[in-house]
Amino acid sequence: MVTPQFVHETFSALAERYVIANHLLSLGTDILWRARALQVIADWHPADLLDVATGTGDLALAVHQELSDVHVLGLDFCEPMLALARQRGLAHTVHADAMHMPLEDASFDVLTIAFGLRNLPDYAAALREFRRVLRPRGHLLVLDFSLPNGIALIPYRLYLHHILPYLADWLTGQGSAYTYLGQSIEQFPRGTAMLHLLQEAGFVIPTHLPLCGGIASIYTAEV
Ligand SMILES: C[S@@+](CC[C@H](N)C(=O)[O-])C[C@H]1O[C@@H](n2cnc3c(N)ncnc32)[C@H](O)[C@@H]1O
């Protein structure tokens, strides 16, 4: 079973190579997915945004650069990832566990989490914790991997489980992290299952936007 300690060790070891590995292994599509997320966020006109599992800060920095009026706080439990986020220009960070955030109730208009929810030990409890820190009518945006539908699933699984770990090991020396990535994508709720999970956590108006034929998805919901 994957523990928070394994996740912490994995991202600590990967931190230095995380950004470049992401862009190469996804052939740059992760940049397009975050850009799409940014369009969704811009329509909400937030004042205060919390980016949970911010890692090296890719999404938080994109918001900071494109929507300069928004106060952005990045939260992560892995200090080597956060240190890189700060070096790259993310001014406000908090080193904390997403499951128990040292943040006041109802203190953000928008909470984002990109490629992070999948790594948390209890999705439902995490979503309830996210809802706690959002203001009434606040927005949640989850960007994460899902699986494509239909025939595309066969070559995608071949890439995910049999090619990606070897490429990633060569690039990062952390092939086991990418074996874990494939396993975590398989067991992560997707589509209607995620929409139900959001509703069970007390969110309303859940939506699903598949990206690149379903390889990734943006889910949104309101408090
Ligand atoms: C795949 S990275 C995503 C980073 C960034 N959001 C992005 O889009 O590139 C996952 C991040 O989740 C963080 N993380 C995992 N479990 C966490 C937890 N329980 N609390 C806070 N951060 C966590 C890891 O440290 C890592 O930085």
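This is a predicted model: local features need pLDDT of at least 70, side-chain atom pairs count only at pLDDT 80 or more; totals for chains, interfaces and linings use all residues.
Residues are numbered from 1 along each chain as its sequence is written.

Back to that first pair. The axes of H5 (residues 123-133) and H8 (residues 192-200) cross at roughly 50 degrees and come within 9 Å. Axes here are lines fitted to C-alpha atoms, for helices over the stretch in contact, and angles run from 0 to 180 degrees between N-to-C directions. The helices themselves are DSSP runs (H or I, at least four residues), numbered from the N terminus. The crossing of H5 and H8 is right-handed, meaning the near helix is turned clockwise from the far one by less than a right angle. On the H5 side, Tyr 123, Ala 124 and Leu 127 make the contact, and on the H8 side Leu 197, Leu 198 and Glu 200 do; contact means C-beta atoms, placed from the backbone, within 7 Å. That contact has 5 nonpolar residues, no polar ones and 1 charged. Nonpolar covers Ala, Val, Leu, Ile, Met, Phe, Trp, Tyr, Cys and Pro, charged covers Asp, Glu, Lys and Arg, and the others, Gly among them, are polar.

Next come H6 (residues 153-172) and H7 (residues 175-187), packed at about 150 degrees with axes 7 Å apart. That angle makes H6 roughly antiparallel to H7. H6 also passes H7 in a right-handed crossing. Residues of H6 in the contact include Leu 160, His 161 and Tyr 166, and their partners in H7 include Tyr 178 and Ile 185. The contact residues split into 7 nonpolar, 4 polar and 1 charged.

As for the ligand, 20 residues surround it, and the closest are Ala 53, Gly 55, Cys 78, Ala 98 and Ala 114. A residue belongs here if its C-beta atom, placed from the backbone, lies within 6 Å. H1 (4-25) and H3 (58-66) each give two or more residues to this shell, and H1 gives the most, with 3. By class, the shell has 13 nonpolar, 4 polar and 3 charged residues.

Finally, Arg 36 sits in helix H2 (residues 29-44). Arg 36 touches Leu 211 and Ile 218, leaving aside residues up to four places away in sequence. Arg 36 and Leu 211 are 175 residues apart in sequence, yet 9.0 Å apart in space, C-alpha to C-alpha.

Definitions and conventions. Two residues are in contact if their C-beta atoms, placed from the backbone, lie within 7 Å. Angles under 35 degrees count as roughly parallel, over 145 as roughly antiparallel, 65 to 115 as roughly perpendicular and the rest as oblique.
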